[in-house]
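Hi everyone, thanks for coming.

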Amino acid sequence: MGHAALSLRKPQRPLIFLSSAAKRTPTESNDSDPTSDPKSQMAHRPRKLAVRRASEQDERRPSSAHQAALGPKRFVRQVHQQTLSIHDLRHPSHITAYTKQQKEAAISLARAGRPEAALIGFCDSMDALFSAVGFIMNCINYAAIVTALAHVWEAARRNDRFKSHAGVRDRIEALYQRCVQSLQTLLADMHAQGLSTVLWSSAKLGFDPDAVVPGMTHNLSLRLLKLIDVSEEKQRPNAQACANLVWALATMGHPAATSEVVDPVCWRFASLTRHADTRQRPTAQATANVLWALATMGHPAAAEMVNAVSLHFARLTQHADTKQRPNAQAAANTLWALATMRHSAATAEVVDSVTMRFAHIIDSPNAKQQPTAQNVANVVWALGTLKHTPDDDRLLGLFCACMHTMLQSQPPIAARQQLHQALAWLKPAPGSQPMEAWSSLRSGLQAVAPEPDFVPTAFTGQAEVSAALEVQALPHKAQVPYGTYWAHAVLSSSNSNDVKVFLMVERPQDFITNVPSRVLGHVSFRHQMLGRNGTVVTVPYDPDHSSVQSMAGDIKAAVEAKTGLPLDSFRS
């Protein structure tokens, strides 16, 4: 399935500092009386910090091509000269603005084709920041640095040229550790937004705060819980903070995601769906993220709470402001979550509203809004799992037309497999829903994209895994879809027990970076879903250390240990 990504509010253009800040901070008071000399009075008066929006100075910024031609240190130094000198920082608020500038400069460099240079350059600028003004930094600054690092990391990962070698990973982890260690003694000063964004950023980076400071993730969560009950409404976590917290815990697969932590946060989120101030109500993306997180964690959430959240999402599908309506990813993830939880909140009213919104997006002329093959597969799978037939018979035809458009120009094998497998999940039991509608949808798909014969698609380590299975003389199929999940290889026993084994390769990116013994939340969930159809056996693979012979031995040991059968049982 496609995983939801948080849609944070787009930041404003960075502030460009044009003059040095006064040495006296805005919070300091001047207890001494100024002299009567007007010049002396001017000398004692704190100078105001002149700022302008970056849009007013775009012509002074280096072009993307020029950025790419510069090394990370020269690039960061040039940005310093055009914006704000690090030695001009005199107040924590200036540090936050400076961090934002460096983040946007690094993101621009990543998009210009220098992702590694962008990450290293950003880390260099933050190291210099610590050295120059670390003594005045506060919890807001540390949280801002972690969040900025996550955004730069995301921008770098989206670049096809990005290669996360050990040097880059070490620099990122060192900066992250420095910030988390600094936050350890400042938890009592942190506000809800800072707490939630640190957790969200950690999940984006693939880090667990516990690996830096034992118990840090739980302490960050507990601090946010305490803020739910404070008397002043402004200090309580808003909807985005609540969504960030549960999404982060689900993504990290963290043991801190207990009922004592998750339930109060989700109840707070649900209460905001009816807030008198409509601006405080959750966005469609935040709502989809909460439902996705609950489904991914397998959390036994209260029916009343899930109903409130689901109904809010359904209402947003018809919001007067079209910008507030959910996009294709949010709609698909919501239907997937409700189907995965098999929840009573998946009423005809909710499912029809979300499905109609998804259909409207398909029918939209805006190409950027069109759903992906994974989105369509998730929606079709959800409708089949919920045994729900949309009221409007035209919807199935619309899905068919979407598949036609999606697969006609460049029909990828993986997309075909996903869509056909989703139809298999959707196939109605006798008398459960109209067979004609399903048959029409399948016929339409077959006409434009016949179900492909097995053609394996490459995944990291595929050659080594196939070679290792051949060393063990094990017949197998690779890249086999089950529902909306894929098994890297499938083995079947030759005895009467007919044991089916899903062989899953666990790569370094499937684990929490600084907790290499724990897989990410969505990886664990994928194993659980595949486990409904057979036995899941995991095999580690590290491109820097694994060999065919070592993997062959790992496969033998893992299969025999998990199934209790000798490996000969899987040889024909």
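First, a quick definition: helices (H or I, at least four residues) and strands (E, at least two) are DSSP runs, numbered from the N terminus. With that in hand, the protein chain has 22 helices and eight strands.

A word on where this comes from. This is a predicted model, where local features need pLDDT of at least 70 and side-chain atom pairs count only at pLDDT 80 or more, while totals for chains, interfaces and linings use all residues. Residues are numbered from 1 along each chain as its sequence is written, and side-chain values use heavy atoms, leaving out hydrogens and water.

Of the 572 residues in the protein chain, 52% are buried, meaning under 20% relative accessible area with a 1.4 Å probe, protein chains only.

Now, the second largest pocket. A pocket here is an open set of points on a 1 Å grid over the protein atoms alone, where a 1.4 Å probe fits, with protein on both sides within 12 Å along at least five of seven lines; lining residues have an atom within 4 Å of a point. Which residues lie nearest its centre? They are Glu233, Lys234, Gln235, Arg236 and Asn238, out of 17 lining residues. Helix 8 (192-205), helix 9 (216-228) and helix 11 (259-272) each supply at least two residues of that lining.

Last, the cysteines. The structure holds zero disulfides, a disulfide being a pair of cysteine sulfur atoms within 2.5 Å. For Cys266, the nearest cysteine sulfur belongs to Cys242, 7.9 Å away. Cys266 is buried, at 1% relative accessible area, and Cys139 is buried too, at 8%.

Conventions: Buried < 20%, exposed > 50% of the residue type's maximum accessible area, 1.4 Å probe, protein only.
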